[in-house]
Amino acid sequence: HPLEEYEQTWRKHITRTTADFVLDEESGEMNAKDQERVVVGGLITEKKIKYTRKDQVMAFLTLEDLVGSVEVVVFPRVYEQESARLVEDARVFVRGRVDAAEDRDGKVICESIQLFDDVRRTLWIKFPTKEAYEEAEAALLSALAASDGNDGVVIYVENPRAKKSLPPNRNVKADKALVEKLSAMYGAENVKVV
């Protein structure tokens with residue numbers, strides 16, 4: 001699934017999954033409550049544009065996450081502010097309110113949108129000992145220097161237990177390419193993005 005590499009970021013920032021908007025046929029209820037403020041995240045898989053009576057643009061989005069999909073309603077005022085982010089295949093977090101009417105699955109009334117890539121993430125790299133880190137430091141810093149972004153970097157040493165956050169001038173773009181490169185150097189189990 002296109003969201004898998006972002007799963008930890010996704011889980012950390014959402015308050016509901018799309019499954020919470022599905023109406024249970026037996027109880028007639030769903031987990032998300034009407035008017036509840038939520039953050040959902042996922043991939044915009046469909047976008048339909050509609051015009052209001054006043055000829056303003058609004059949109060109906062289908063947002064898909066790792067468990068299902070939910071409809072997101074974007075009214076004209078929010079559409080005007082967020083239209084650049086409302087594109088198919090964009091990975092986004094949607095902040096909004098739950099719209100739960102009887103006899104149908106819930107929807108999200110969008111208040112704001114943030115791209116996954118605008119959420120600051122942290123790249124963790126683990127070393128067994130301080131000596132192992134010191135031996136690898138020059139090669140590691142050179143690998144990190146090739147990447148430029150907003151994501152922080154934390155070095156974690158198991159023995160003796162220590163954690164070092166690299167300064168902001170060492171920030172990277174913690175994307176798939178960088179993670180794969182570092183995984184090849186230090187082992188996939190020692191490289192995590194959260």
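**Pocket and strands**

Guide: The lining of the largest pocket consists of eight charged, five nonpolar and two polar residues (Ala, Val, Leu, Ile, Met, Phe, Trp, Tyr, Cys and Pro count as nonpolar, Asp, Glu, Lys and Arg as charged, the others, Gly among them, as polar). This is a predicted model: local features need pLDDT of at least 70, side-chain atom pairs count only at pLDDT 80 or more, and totals for chains, interfaces and linings use all residues. Residues are numbered from 1 along each chain as its sequence is written, and side-chain values use heavy atoms, with hydrogens and water left out.

Visitor: How much space lies in the largest pocket?
Guide: About 210 Å³. On a 1 Å grid over the protein atoms alone, a pocket is an open set of points where a 1.4 Å probe fits, with protein on both sides within 12 Å along at least five of seven lines; lining residues have an atom within 4 Å of a point.

Visitor: Changing topic, in what order do the five strands close into a barrel?
Guide: The order is 1-2-3-5-4, with mixed pairing. Strands are DSSP runs (E, at least two residues), and two of them pair if DSSP finds at least two bridges between them.

Visitor: And how do strands 1 and 2 pair?
Guide: Strand 1 (residues 37-51) and strand 2 (residues 57-64) are antiparallel, with eight bridges; I49 has A59 in strand 2 as its bridge partner.

Methods
Helix = DSSP H or I, 4+ residues; strand = E, 2+ residues; numbered from the N terminus. Points joined across faces, edges and corners; volume = space filled by probe spheres on them.
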